[in-house]
Amino acid sequence: MDIRDLTADDLDAVLDIRKRAFGPISSGNADIWRQMVGPLLSEGRYIGVLDGPRLVATSRINAYTQWWHGRPLSMGGVAGVTVAPEDRGRGIGRTIMRATIERAAELGHVASALYPATTPLYRGMGWEHAGGLNKITLPTEALRTLAAGDARAAGVKLRRMGPDDAPELMATMARVYALTRASGPLCYDERTWRLWLADDDDFCYIADDGFVIYRWSGRDIEVDGCVAGSEATTRALWSLVGTASSVAKSVTAVIEPNDPVLWLLRERSNEEIRQTRWMFRLIDLPAAVARRGFPSGVSLDTVVHVEDPQRPANSGSWRLEVSSGSGTATAGSGDGPTFTVGGLSALFAGVPTATLRRTGLVTGGSAEDDEALDSAFHCTPYMIDYF
Ligand SMILES: CC(C)(COP(=O)(O)OP(=O)(O)OC[C@H]1O[C@@H](n2cnc3c(N)ncnc32)[C@H](O)[C@@H]1OP(=O)(O)O)[C@@H](O)C(=O)NCCC(=O)NCCS
């Protein structure tokens, strides 16, 4: 079996294995898929396992920026993981994931995330459950009235977006995610945004400190993302969606776990939030710690021991220090808790040590270590984009 970069000549075989893995794809969607993945090929972002001339497995690494406590880092979003049906159950899934980790590191990603269709494959390779994509259904009429009587919301200038607005959208996201000290949300590269913003079935509006992207879904509305940096813009964007209330009775929206809209709604009692989980893995431990934001009031100086069989550069003893909102991981020594790489990845993503201890992902160390680590890494990570 060979592992190599896929090329344009492989795309028919990739589409075939993809259909066998995820089901049929319409010819329109296959065209969009070709446009999306075409440029990734020459960047070494689509790899395959081949048995002679036959493609038996694939994996793709999308280039994303992901915010952690308001600071951006380079994240490889893994997607399109497939093994041909007749080759499954023989370790090829693990083989392609091992190669994916190496490639993500070569591409300069300090971390990786993925939406798992099944957990054991990825857990065995160091990814661990970290955050969620949260979807809620809200009455459209309740959104319509959110800006009523609010002069500031009435003054928010909303502008329609097209492909040329991609850079402004990306800059707005960066500002709002820094301002809100967001953990988890990602931003595509400009090329991908240009493709999405060209879809005329999507209604995309931008303000100085926010944006909304929504579309029809039957007779109802689906919001892909509504992100705002202030109360006035939160009211203005959600009430824009709410203007559909004469036709659409409900809006299904991807939201932050503590989305301000939930506090602006006049009524809130029982609510159902559907969550799609994503998993996270550190690729370059010291670089990821150096780029993550931390609460500015927290200080940490703790040694942790890390076991990462797939990426030995992460293994060993690390002194984690945090002060004034920034962190470092340097070679350390001394007593401290021992984490699997999945455990440390989950801690990085805010999973409490109390959970990690009771799942065996961390052992040893003291209660003081746990408390200090929890206060530094605490966050409730989310994404609003599925990939
Ligand atoms: C999921 C998939 C990639 C696994 O490939 P594979 O070559 O069979 O995987 P491996 O033989 O390397 O197995 C690796 C681990 O995953 C587990 N695994 C494999 N398929 C699984 C499944 N369908 N459900 C649960 N666990 C599974 C194996 O048991 C093994 O775990 P273990 O070592 O703890 O026993 C393959 O079944 C596939 O292409 N499925 C359809 C598409 C898909 O779901 N892709 C993942 C999208 S996120």
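Residues are numbered from 1 along each chain as its sequence is written. Because the model is predicted, local features need pLDDT of at least 70 and side-chain atom pairs count only at pLDDT 80 or more, while totals for chains, interfaces and linings use all residues.

Visitor: How many of the 15 residues of strand β3 are buried?

Guide: Strands are DSSP runs of E with at least two residues, helices are runs of H or I with at least four, and both are numbered from the N terminus. A residue is buried if 20 or more other C-beta atoms, placed from the backbone, lie within 10 Å of its own; it is exposed if 12 or fewer do, and partly exposed in between. Strand β3 covers residues 54-68 and is mostly covered, the number buried being eleven.

Visitor: Which residue in β3 stands opposite Leu50?

Guide: Two strands pair if DSSP finds at least two bridges between them. Strand β2 (residues 46-51) pairs with β3 in the antiparallel sense over six bridges. The two strands form a hairpin with two residues between them, and Gly52 in the turn has a positive phi of about 60 degrees. Opposite Leu50 stands Leu55.

Visitor: Which residue in the turn between β3 and β4 has a positive phi?

Guide: β3 and β4 run antiparallel and are joined by eleven bridges. Arg60 stands opposite Ala79 in β4. This hairpin has two residues between its strands, and the residue with a positive phi, about 45 degrees, is His69.

Visitor: What is the bridge partner of Gln66 in β8?

Guide: Strand β8 (residues 186-187) runs antiparallel to β3, and two bridges join them. The partner of Gln66 there is Leu186.

Visitor: Which elements give two or more residues to the shell around the ligand?

Guide: A residue is near a molecule if its C-beta atom, placed from the backbone, lies within 6 Å of it. The ligand is surrounded by 17 residues, and the closest are Ala21, Arg88, Gly93, Ala117 and Leu121. The elements asked for are β4 (71-83), α3 (92-106) and α4 (120-123).

Visitor: Which element gives the most to the side of domain 1 that touches domain 3?

Guide: Domain bounds come from an automatic or database domain assignment, which gives domain 1 (2-126), domain 2 (134-276) and domain 3 (284-377). The contact, counted where C-beta atoms placed from the backbone lie within 7 Å, takes 13 residues from domain 1 and 14 residues from domain 3. On the side of domain 1, β4 and α3 each supply at least two residues. The element that gives the most, with three residues, is α3.

Note on methods. Two residues are in contact if their C-beta atoms, placed from the backbone, lie within 7 Å.
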